[in-house]
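Colleague: I would like to go through the terms used for this model and see what each one rests on. Please show me the structure.

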Amino acid sequence: MDNKLLQPDSVKVSLKQINFKTLSLKYGVVVAFLALIIVSSFLYTGFLNPTNIFNMLSQLAIIGIMAAGMTYVMITGGLDMSVGGIYAATAVVAASLVDTSSIFVAVLVGLCVGLICGLINGVLVTTLKVPPFVATLGTGSVFTGFALVYSNAQPFFVKNPDYKFFGSHYIGAIPVSVIIMFAIFIILGIALAYTLYGKSLYAVGGNKEASHLAGLKTNKLILSTYMISGLCASISGIILSSRLAQGQANIGASITLDVIAAVVIGGTSLSGGQGAIWRTFIGGSILIMISNVLDSLSISSYWQQIFKGSIIIIAVMIDFYGRNYLQNKGES
C-alpha cells in the first residue's frame, strides 16, 4: 500500500478537488429542504406531527401529480400553461358522470379528457409550430371555458359516496391520494432516469436539432410529454372532485402557478435538458411546507401569493446563473 495515501496532505488535496460551489448548485435544493424542516419545526410546534405530515402530503398530491407531468414537458424545453384548465375540465366532466353512469366510466372519461387536451397542446406545439407558452396559454383558456359552458358555471354535486375513495379514503394510515401520487412519481421517475425514452427527452431538451439529426423522433417525443402532462392534470382533477364530492369549473384559476413553482424550485431548467422527478417532489414539498407554516402563523393568503411569486423569480435566477456557471466549468 502506498503510505502517501494515508498522509494528511493527500486528504487536503482531495478536499480541495471538491467543488463545493458546484455541489451547492446541484444539490442545494436538498439542503434547503432539510433546513426548512428544521426551521418549520421551531416555528410551528405541530409541524412534525404525523397528522400534519399526512395533511401536507394530501395537499401535495394534487399539485405534485400535475408537477410530475409538467417536469416531462419542461425537460424538453416546453411549458404547459393549460394544466389548470385541464384540471377543471376533468373535474366537472368526471363529477357529472358519476351518478348518471358509474365511477369507472367517470374516471375513464376524465382521463380521456386529459389525454385529448394534451394531444391538442402537442399538435399545436409540434405540427403547427406555435410557441409552447402561447399555445398552452390559449388552450388553457379554451379548456376553462369548456368547463364553464359544460357545467353552466354551476358545480356538479356527487351523491355516490364511493367516489370519495380517491380523494378522502385511507389505506391504513395513508391517504389513497398520497399512494396514487407516490405511484406516479415512481413510475415517471424510473421512466425518466432509466429508460431510452427518458434519455431521449433529455437529449431533445438539450439540443433539439442535434437530436433530430441523430435520428430521434423529436416531435413525437415532445407530443408525448404534453399528453403525459394532460393525463396527470386529469388525475389531479379526479382526486379533487372526489375529495370535494363535486366538480367546479373555477378550481384551476391559480393552480398553474403552484405547479410551475414546484418544478422550478426543484431545479428543472426552463430552458430544457435538465431536471428530475425526485427534484420536483422536493420542490413541491418545499412549497407545501412553506404554506403550512405560513397558515399556522395566520399569514394572509395574499401575502402568500407574493411570497410564492418571489420564490419563482429567485429559483429562475439561481437556475440561470447556476447553469451558466456549470457550463463554463464544463459540468453541465
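Colleague: Which residues are buried in helix α9?

Modeller: In α9 (residues 196-206), the buried residues are G198, S200, L201, V204 and G205. Buried means under 20% relative accessible area, exposed over 50%, partly exposed in between (1.4 Å probe, protein chains only). Helices are DSSP runs (H or I, at least four residues), numbered from the N terminus. The model is predicted, local features need pLDDT of at least 70, side-chain atom pairs count only at pLDDT 80 or more, and totals for chains, interfaces and linings use all residues. Residues are numbered from 1 along each chain, and side-chain values use heavy atoms, without hydrogens and water.

Colleague: Why are the buried residues of α9 said to line one face of the helix?

Modeller: Seen down the axis of α9, they fall within an arc of 160 degrees, so they line one face. The arc is that of the directions from the helix axis to the C-beta atoms. The face turned away from the buried side carries the exposed residues L196 and G206. The cover over the buried residues includes α3, α8 (176-194), α10 (208-213) and α11 (218-244).

Colleague: Why is S291 called buried?

Modeller: S291 has a relative accessible area of 10%, and the term applies under 20%, so S291 is buried. S291 sits in helix α13 (residues 277-296).

Colleague: Which residues does S291 contact, leaving aside neighbours within four places in sequence?

Modeller: S291 is in contact with Q304 and K308, where contact means heavy atoms within 4.5 Å.

Definitions and conventions. Helices (H or I, at least four residues) and strands (E, at least two) are DSSP runs, numbered from the N terminus.
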